[in-house]
Amino acid sequence: MNKKITLLLVIGIGIALFYFLDIKEYLSFESLKTNRDRLKIIYQENSIVFIFWFVGVYFLTVSLSLPGATVLTLAAGAIFGSVLGMLLVNIGATLGATTAFLSARFIFRDWVEGKFSDKLNFINRGISGNAFSYLLFLRLVPVFPFFLVNLVLGLTQVRLSIYFFGTMLGIMPGSFVYAFAGSNLANINSVSDIASPKVFGALALLGIFVLIPVVYRRYK
């Protein structure tokens, strides 16, 4: 119990500092457009240090379920280019999501199982044997909030290895779309310019495609 309380305190302090220091202001689209050239110069002068710093910030943002990941992904494309930017985002996001997943499992799972054991058993039966496909679907389709998937799946019996690799693969297409958009930042006026129906439709189709094996097994 003491370990859970300590972890909750650490998470609470991290979130409080984020808002108290107004870090969200630095993770805005307007701030990125204003400081892009300066950030690129810093990266060119201290490449390795800057890469570790960026991945660390992305990791903390995702692991604490804080806002700003979308702007950070755009920043990755603007600073590192679309391919390297996508890879760095993938590392930070996957590690952060896995940390959030484990935190939810460690802190809340016993309590949720005690309160909603019947419903949780139903969910576990539904995803057993098809967890990887379901996870890819949840990551590909942009309807499901990233942080919510991290927390909810932490309460299930999904294996850590499946969660880790499913997240790593599932976020690649969306990360590349935003990193590529970031590499053309001068042509973008707002984040909504990227989230077009065509982009959402393409990602949704990919999500439906990965569920085909699940549907086939159910039909068979």
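## An all-helix chain: burial, core and pocket

Of the 220 residues in the protein chain, 40% count as buried. Buried here means under 20% relative accessible area, exposed means over 50%, and partly exposed lies in between (1.4 Å probe, protein chains only). This is a predicted model, in which local features need pLDDT of at least 70 and side-chain atom pairs count only at pLDDT 80 or more, while totals for chains, interfaces and linings use all residues. Residues are numbered from 1 along each chain as its sequence is written, and side-chain values use heavy atoms, with hydrogens and water left out.

**Overall fold.** The protein chain has 11 helices and 0 strands. Helices (H or I, at least four residues) and strands (E, at least two) are DSSP runs, numbered from the N terminus. Contact means heavy atoms within 4.5 Å. Among contacts between residues at least 6 apart in sequence, 80% join residues at least 24 apart. The accessible surface of the chain is about 12,800 Å². Carbon and sulfur atoms account for 70% of that surface. These areas come from the Shrake-Rupley method with a 1.4 Å probe; for residues, only the protein chains shown count as cover.

**Nonpolar core.** The largest nonpolar core holds 39 residues. Such a core is a set of buried Ala, Val, Leu, Ile, Met, Phe, Trp, Tyr and Cys residues joined through side-chain atoms within 4.5 Å. Phe54, Tyr58, Phe80, Leu153, Val158 and Tyr163 have the most contacts inside this core. Two or more core residues come from each of α2, α3, α4, α5 (82–127), α6 (131–140), α7 (146–153), α8 (160–170) and α9 (172–183). Helix α4 gives the most, with 8 residues. Leu153 touches Val158 and Tyr163, and also Phe101, Arg105, Leu135 and Leu138, not counting residues up to four places away in sequence.

| Residue | Helix | Relative accessible area |
|---|---|---|
| Thr61 | α3 | 4% |
| Ile79 | α4 | 7% |
| Gly182 | α9 | 0% |

Ile79 and Leu39 are 40 residues apart in sequence, yet 7.0 Å apart in space, C-alpha to C-alpha.

**Second largest pocket.** This pocket has a volume of about 610 Å³. On a 1 Å grid over the protein atoms alone, a pocket is an open set of points where a 1.4 Å probe fits, with protein on both sides within 12 Å along at least five of seven lines; lining residues have an atom within 4 Å of a point. Grid points are joined across faces, edges and corners, and the volume is the space filled by probe spheres set on the points. The lining has 26 residues, and Ile23, Tyr26, Leu27, Trp53 and Val57 lie nearest the centre. Helices α1 (2–20), α2 (29–45), α3 (47–63) and α4 (69–80) each supply at least two lining residues. By class, the lining has 20 nonpolar, 5 polar and 1 charged residues. Ala, Val, Leu, Ile, Met, Phe, Trp, Tyr, Cys and Pro count as nonpolar, Asp, Glu, Lys and Arg as charged, and the others, Gly among them, as polar.
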